[in-house]
Amino acid sequence: MSPLPPGDAEPPGSDNSGGAIAAADELGLRYDVTRHGPVRSLEEAAAARGIEPRQVVKTMVVRVSEGDHRFVLVPGDREIAWPKLRALLGVNRLSMPSADAAYDVTGFVRGTITPLGSRTPLPVIADASLEGTISIGGGAHGVALTVDAAELVAALDATVADVTEIG
């Protein structure tokens with residue numbers, strides 16, 4: 001494992017926005033890049049990006065088993081419904097990896113994780129409520145890509161399923 005520095009420090013090279021943008025280009029996605037300062041809430045992130053909170057999409061890394069992870073795309077106003085996700089994956093147990101483990105798998109620190117340009121390509125599950133214009137993390141704090149949900153889901157060959165509930 002690659003240990004992360006204590007506190008709010010990030011490892012060297014933690015701005016992976018170039019990799020995320022290059023991955024979006026490689027997938028042929030149409031996107032706009034938004035760069036903004038630090039935000040402390042979903043509402044602040046949405047305001048900085050000029051969208052509604054439900055349009056801010058969180059990319060969660062879920063551990064299915066040792067060496068088996070998934071990305072789950074969750075609208076900002078929702079949270080993972082664990083029973084639904086377990087049923088979809090046909091498992092009795094899921095967990096969230098530690099910050100170190102998530103970094104090792106994706107190459108992104110928490111708060112910057114995106115399926116675009118991940119160190120390890122992972123299967124993607126997109127909640128069925130994703131639609132229209134959305135904003136997804138861009139690989140660095142304060143960087144986001146605004147994309148069409150359907151285009152992103154298609155480009156990532158994501159499994160679309162009802163896996164969230166109102167948060």
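Predicted model: local features only at pLDDT ≥ 70, side-chain atom pairs only at ≥ 80, totals over all residues.

Reader: What makes R49 a lining residue of the largest pocket?

Author: A lining residue has an atom within 4 Å of a pocket point. R49 is one of the 29 residues that line this pocket, and R49, K58, R110, G111 and T112 are the closest to its centre. The space in there is about 650 Å³.

Reader: Which element gives the most to that lining?

Author: That's β2, with six residues. Both α2 (42–49) and β2 (56–65) supply at least two.

Reader: How many residues of that lining are nonpolar, polar and charged?

Author: You get 14 nonpolar, eleven polar and four charged. In the second largest pocket, about 190 Å³ in volume, the lining has ten nonpolar, two polar and two charged residues. L27, P115, P121, L122 and L156 lie nearest the centre of that second pocket.

Reader: Okay, cores. Why is L73 called part of a nonpolar core?

Author: A nonpolar core joins buried residues such as Leu through side-chain atoms within 4.5 Å.

Reader: What does L116 touch?

Author: Leaving out residues up to four places away in sequence, its partners include A20, L27, F108, I136 and L145. There's also a second, separate core of ten residues, V62 and L85 among them.

Key
Residues numbered from 1 in each chain as written. Heavy atoms only, no water. 1 Å grid on protein atoms, 1.4 Å probe; cavity = no way out; pocket = protein on both sides within 12 Å on 5 of 7 lines; lining within 4 Å. Points joined across faces, edges and corners; volume = space filled by probe spheres on them. Helix = DSSP H or I, 4+ residues; strand = E, 2+ residues; numbered from the N terminus. Nonpolar A, V, L, I, M, F, W, Y, C, P; charged D, E, K, R; others polar. Contact = heavy atoms within 4.5 Å. Buried < 20%, exposed > 50% of the residue type's maximum accessible area, 1.4 Å probe, protein only.
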